[in-house]
Amino acid sequence: MKPASTVCAVREELVQLIVNINLMIFDVFASNVLLPFLVLRRTQVEMLSGGDMLLRALQDEGVELIFGYPGGAALHIYDAIYRQDKVEHILVRHEQAATHAADGYARATGKVGTVLVTSGPGATNAITGIATAFMDSIPMVVISGQVPSDKIGQDAFQETDMIGVSRPIVKHSFQVRHASEIPDTVKKAYYIAGSGRPGPVVIDIPKDIVNPADTFEYSYPDTIKMRSYTPASRGHSGQIKKAVQMLLDAKRPVIYSGGGVIQGNSSELLVELTHKLNFPITSTLMGLGAYPASDKQFLGMLGMHGTFEANTAMHHSDVILAIGARFDDRVTNTIEKFCPTAKIIHIDIDPASISKTVTADVPIVGAVDLVLTEMLAVLKEANSSPDESAIGEWWQQIDEWRERHGIYTQSRYKTDGDKIMPQDVIKVLHEVTGGDAYVSSDVGQHQMFAAQYYGFDKPRRWINSGGLGTMGFGLPAAMGAQYADRDAVSVCVTGEGSIQMCIQELSTCLQYNLPIKIICLNNQALGMVRQWQTMFYEGRYASSLYEDSLPDFVKLAEAYGHVGIRVTKPEELKAKMEECFALKDRVVFMDVMVDQSEHVFPMHVAPNGSMRDMLLSKTERT
Amino acid sequence: MRRIISVLMENTPGALSRVVGLFSQRGYNIETLTVAPTEDESLSRLTVTTHGDDHVIEQITKNLNKLIDVVKLVDLTEGAHIERELMMIKVKATGAQRAEIKRCVDIFRGQIVDVSSTIYTIQLVGTSDKLDAFSQAVGDAAILEVVRSGVSGIARGEKVLSI
């Protein structure tokens with residue numbers, strides 16, 4: 001042993017000697033040869049002002065579009081925008097619209113949307129849009145100007161504590177304290193917004209930080225690591241195996257898919273898994289399009305205005321595979337009565353979503369694409385399939401439910417009247433657009449009709465505010481979606497109530513040549529409010545009627561430089577719709593006068609109802 | 001059930017407000033809260049005591065973990081742990097009371113840290129229960145002012161909360 005260790009020690013000494021000699025050589029080399037070069041390099045380091053740095057960082061991050069609105073505290077940044085040509089800025093007419101447009105862009109493309117607003121009212125106007133994005137887990141970075149650092153806290157002109165005001169509705173926020181922090185902050189903001197469970201991130205920048213007179217070294221990091229942030233990736237293999245076994249043993253299974261499948265770009269995997277298992281599948285409002293609506297295994301949407309077959313199948317199921325869905329109250333109805341016989345497998349990237357309202361029997365925390373890929377592999381390996389006769393019987397039962405009360409096996413609303421039925425408008429819209437348009441919506445009856453009757457076959461085509469339920473979302477979101485593909489058809493399905501909440505964006509559409517088609521289901525009332533007042537308040541229509549004061553939307557569209565078309569008779573609907581979409585390069589406002597008395601059905605019985613307790617029409621219930 | 005959650009978080013502006021905000025936003029209650037930087041100045045350690053059933057506590061820890069500023073956390077009540085709270089209490093101490101209170105302080109192993117002709121200021125360290133018991137022993141009538149630090153805790157044995 002001893003000689004060996006001596007040899008070792010000698011070797012170590014030798015190595016040390018060689019290192020020392022090398023260092024000496026390097027020192028000489030560095031001082032004579034490298035030093036001038038290093039000095040030269042240093043003079044080549046880019047010196048940029050905070051404003052220019054921000055724009056360079058956005059370019060280096062790959063940002064193509066900013067939706068925003070200028071103001072005092074943001075003017076240095078706007079000047080930096082003016083002096084470059086890689087990032088395009090879209091001037092909206094209200095900051096709320098900037099956030100919704102960036103949101104629509106993010107939903108349609110899967111990229112992170114970018115917003116720029118000024119301090120104070122600019123920042124607070126953006127709040128509704130940030131909350132909308134937060135509730136639906138939409139990746140977005142909102143850059144807000146702020147009063148100069150030395151004025152913060154002094155109630156300066158247009159000062160708002162944006163970090164404080166936005167805190168409960170952001171995934172994270174930053175206030176930049178020094179210009180040199182800008183590159184890292186931008187990198188972190190986009191990373192946080194787009195990874196894990198996506199969400200909005202605010203960067204608040206005081207005006208002095210972006211002062212053009214002060215320049216600093218700029219370099220953009222390639223990657224960023226944060227010790228306090230590691231989003232979930234792979235699911236737990238043991239749990240996945242357990243889940244697959246549960247699926248194979250299931251007799252009355254349902255796949256319940258949500259917005260997470262779209263966010264996780266996993267539609268193909270979902271279709272593969274669903275086909276392989278031959279299971280029925282339903283989707284949340286947010287998840288529509290992840291699984292093709294035209295596929296025979298699709299039961300339609302579930303929840304408050306879900307189909308009879310989807311809700312009833314959920315209620316009677318023995319295994320529910322929830323993927324990227326969060327058991328929202330609009331889905332579950334009374335939580336204590338939710339699917340009494342079902343075992344629940346819940347896949348979600350956010351551990352806090354699991355067992356929040358409904359306890360999961362097999363929780364799987366992970367990115368949906370990785371989990372589904374592994375599930376498919378385990379399924380293949382297991383080399384077995386679900387009980388064919390049990391699944392066959394289950395399908396027989398479901399088909400019987402479809403026949404009995406399904407809204408796709410026959411029209412469950414009156415079709416012989418002289419008034420246009422809102423459902424028919426959506427059906428005709430589907431027909432005329434080939435079911436292939438980007439469809440955004442506002443919030444209310446028209447939103448539910450669009451969700452029920454458009455039949456989305458592709459992900460990222462259905463763009464609506466599901467969680468927050470923000471009226472005014474539709475038109476700016478359609479603008480954002482149009483930027484996903486300038487040649488695609490972008491439609492906003494709206495009502496005469498919602499559209500007036502962001503109607504000023506008609507002006508933005510003109511400026512940037514965004515040929516949005518607005519399909520306004522005009523029932524001359526706040527339809528969903530009126531429906532509830534009819535059903536639960538004995539027809540006392542408190543503040544939901546305004547027939548005598550509605551604008552002439554055709555003239556309004558024309559005043560904004562667009563085309564307006566009014567439709568009043570059922571028989572002219574199809575032709576007018578075709579006329580609307582034939583005007584490819586124009587914004588067309590279709591004011592469709594629909595039956596005011598029509599309600600959205602099916603509708604969950606509440607309070608105290610279960611998933612299967614539904615009103616099917618004004619006179620029938622389950 | 002009462003729980004002590006210990007959180008290691010980035011020592012950055014706004015981090016504390018995010019933690020506190022989370023509790024009010026989601027309707028969780030905070031009984032006590034202490035926070036200070038650690039030996040690594042980039043980190044703060046926050047201890048919060050709260051009440052809730054297993055479901056609520058699970059949600060609290062999950063949502064705390066979701067905060068970007070939170071690096072690590074542990075529910076100390078899940079294992080063997082030591083908890084301490086510091087109390088400073090000002091009491092009337094006149095006449096025969098003076099000796100009685102002094103005895104009481106000795107029994108509770110506290111220290112009298114300031115004295116005037118009519119007042120003792122006492123410092124006492126222990127579990128929250130012990131501090132409650134002392135206050136009770138002295139009696140409301142004698143107490144002039146109480147300040148408590150809130151609970152700090154650390155796990156027993158080898159377990160360490162660090163990065």
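**Notebook: aromatic pairs, a buried serine and a surface patch**

I looked up A:Tyr454 and A:Phe456 and found both buried (under 20% relative accessible area, with exposed over 50% and partly exposed in between; 1.4 Å probe, protein chains only). The model is predicted, with local features needing pLDDT of at least 70, side-chain atom pairs counting only at pLDDT 80 or more, and totals for chains, interfaces and linings using all residues. Residues are numbered from 1 along each chain as its sequence is written, chains are lettered from A and ligands numbered from 1 in the order written, and side-chain values use heavy atoms, without hydrogens and water.

A:Tyr454 and A:Phe456 form a tilted pair, at 4.8 Å centre to centre and 40 degrees between the planes. For B:Phe23 and B:Tyr28 I recorded 6.0 Å between centres and planes at 80 degrees, so this pair is edge-to-face. B:Phe23 is buried at 1% relative accessibility, and B:Tyr28 is buried at 14%. I also noted one aromatic cluster of A:Phe67, A:Tyr105 and A:Tyr483.

I then turned to A:Ser119, which counts as buried because its relative accessibility is 2%. A polar atom of the A:Ser119 side chain lies 2.7 Å from the backbone oxygen of A:Gln158.

Last, I checked B:Ile30, which counts as partly exposed because its relative accessibility is 31%.

Technical notes
Polar contact = N/O pair within 3.5 Å; in protein donor to acceptor, adjacent residues only side chain to side chain. Phe/Tyr/Trp six-rings, centres within 6.5 Å; stacked < 30°, edge-to-face > 60°.
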